[in-house]
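Work through the exercises below with the sequence and the structure open. Try each task before reading its solution.

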Amino acid sequence: MKSMELYSEPFATTGNITGEGFRRLLGRPALGLLQTVIREALQNSMDATLPDQGPKVMLRSRVLRGEEFGALREHVFAEIPKDADAALLQEELMGESLEVFEIADFGTSGLSGPTRADLVADGPEDPDFVNFMRNVGAARDTHQGGGTYGYGKTSLYALSRHSTILVDSQTTCDGLPVRRLMACRLGGTFVAIEGDVRKRFTGRHWWGSLDGTSGVEPFSGDEAIRLAGLLGLPERSAEATGTTIMIVSPRLDEDDDEGERLPVGPHLLETVLWNFWPRMCRDAPCHRKLSVSIDVDGQNIHVPDPEDYPPLDHFARALSEIRSGGGQIVRSQRPAMDLGRIAMVKGLRSDRNPAALRADSPFPKQASHIALMRPVELVVKYVEGEAFSDARFEWGGVFVCSDDDEVEAAFADAEPPAHDDWIPDNLPKGRAKTFVNVGLKRINEAARTFANPLSASGQSEEKGRSLAATATLMGRLLEGGSAKGPGRRSGGGGSGTTKRTRVSSPRFSHLEIDAGRKIAVFEADLSNDGRSTDLVLKAVPHLVMDGGIASPDDVDVGFTGQVLDLTVADATEPGESMAIGIMAGKVICRVPVPDEAAIGLRLSLEEANA
């Protein structure tokens with residue numbers, strides 16, 4: 001079996017970027033290193049997705065031993081670079097095993113195109129191989145894609161203790177299938193004697209087949225297939241296009257307070273779900289749907305649907321609303337432009353998955369966040385807002401910027417290399433900067449006021465606290481139903497006169513102020529088969545004390561038992577009753593709330609002449 005040969009890049013007469021300079025391109029991401037790596041790698045996978053199918057990605061952490069480790073040592077890294085810290089790589093290769101972390105995608109185009117950066121591609125493929133393996137900071141080549149190709153790939157090197165990766169890709173060039181295997185390292189600059197000449201080297205190294213023209217070419221064809229098999233990399237046929245990136249000696253160690261290593265599986269699971277849930281939802285279009293598998297030391301980690309992993313169930317409902325054309329439009333007045341849509345969803349706080357109970361979990365204990373994304377539906381960041389005062393409730397929101405090319409480009413250009421923020425100051429003064437500034441302002445206003453609308457209407461802080469206290473009391477005393485699973489409500493049936501015409505049990509929604517009075521807003525669902533058109537919906541409020549019904553005579557709270565109005569679909573009538581005819585849909589009932597008390601509500605359907 002032929003071994004790979006080492007090529008260390010010398011400085012050209014016109015200069016080069018150094019290995020250290022390449023590593024610094026990533027900047028200082030707001031996220032942790034592993035999150036940044038997974039975000040970058042999966043974004044690239046989704047940008048490279050083949051038409052009419054979503055990508056499949058495997059994340060695998062394993063330890064190379066025996067023949068696999070021997071193949072890495074003898075056939076990949078048989079020759080070690082001469083930069084100073086390469087001795088650490090050589091030392092680890094002299095051991096009996098070595099940990100690696102692999103990211104493999106399937107159903108993507110792979111690293112296609114020519115292998116030399118100075119050649120113009122004659123085939124139909126994008127020059128992905130040279131952009132990933134050789135070039136630095138290539139421009140985004142996917143319309144409204146995940147990000148600028150190239151900068152974030154430095155995180156892959158940063159995750160390796162030796163800044164070293166190995167890349168295996170099944171792809172095409174000039175329309176023909178080809179297999180490619182190559183290893184790369186970003187080291188420090190150094191001086192070495194080559195022949196009789198002392199030369200300076202950039203610290204960038206490649207392992208492959210030496211070539212007198214390009215310096216080094218990847219292993220290809222049967223040579224690449226055999227070595228990939230010896231290393232235990234995922235098998236690929238000519239049709240199973242995609243790329244596997246092996247990160248050598250990854251920095252996956254996380255210690256708890258007692259110095260014990262934390263399990264990698266939950267960390268990987270939460271990183272994937274927190275960042276890529278929009279493309280993993282059950283209603284994601286099949287050509288964009290992302291499937292992820294996680295393997296840690298041969299053990300498969302189950303990856304649930306976001307709808308089954310609180311609090312992502314609330315975010316998933318908000319995104320579904322936007323996908324169906326709902327939500328509120330966020331607009332800029334000067335210049336006039338629709339910037340995107342925002343949707344907010346509230347609900348009961350369901351129990352968290354045990355993995356989300358870790359101290360360093362990205363998942364909040366009580367969600368009150370808005371996920372920001374471009375139309376590609378990859379989470380850029382979360383904006384945290386004001387939480388409900390009653391910890392039994394939480395909310396999640398989504399903002400998706402417009403797919404108008406000018407607007408989408410403004411938000412994309414506002415992202416730093418790690419694509420983990422929108423920074424208006426990254427943009428020059430003009431329309432694009434205005435779009436991002438206005439969008440962020442509206443998003444922050446929504447996050448601040450959703451749980452407490454009073455803060456949006458100029459009410460005093462004292463009244464805001466009073467309303468919050470009342471809302472807490474309502475939530476604590478009322479029977480709001482129990483969530484038996486993410487996004488599910490209990491079956492609760494209100495009364496009805498037929499099997500198919502019925503009104504659900506009312507749910508306390510929120511409090512609002514009307515003419516100085518605190519108003520409790522209840523919601524319910526009315527189904528109507530139209531068989532009986534003389535039914536009347538009746539609402540009867542009652543006082544609640546310690547979770548049970550109380551008489552107004554028992555406590556002096558000024559409870560009158562009146563109902564302000566009832567709304568079914570788009571029709572509203574004052575008072576406690578309303579003829580429904582053939583109407584169906586959401587029921588809204590508004591009832592005044594006395595101070596320092598809570599009220600409940602009963603809804604019933606009765607014959608009009610009863």
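Two strands pair if DSSP finds at least two bridges between them. Helices (H or I, at least four residues) and strands (E, at least two) are DSSP runs, numbered from the N terminus. The model is predicted: local features need pLDDT of at least 70, side-chain atom pairs count only at pLDDT 80 or more, and totals for chains, interfaces and linings use all residues. Residues are numbered from 1 along each chain as its sequence is written, and side-chain values use heavy atoms, with hydrogens and water left out.

**Exercise 1.** Find the bridge partner of Asp565 in strand 26.

Solution.
Step 1. Locate strand 26 at residues 585-592; four bridges join strand 23 to this strand, and the two run antiparallel.
Step 2. The partner of Asp565 is Arg590.

**Exercise 2.** Describe how strand 23 and strand 24 pair.

Solution.
Step 1. Strand 24 covers residues 571-574, and its pairing with strand 23 is antiparallel, over four bridges.
Step 2. Val568 has Ala571 as its bridge partner in strand 24.
Step 3. Two residues lie between the strands of this hairpin, where Ala569 has a positive phi near 55 degrees.

**Exercise 3.** Sort the residues of strand 23 by the way they point.

Solution.
Step 1. In a regular strand the side chains alternate between the two faces of the sheet.
Step 2. In strand 23 (residues 565-568), Asp565 and Thr567 point one way, Leu566 and Val568 the other.
Step 3. All are buried, meaning under 20% relative accessible area, where exposed is over 50% and partly exposed is in between (1.4 Å probe, protein chains only).
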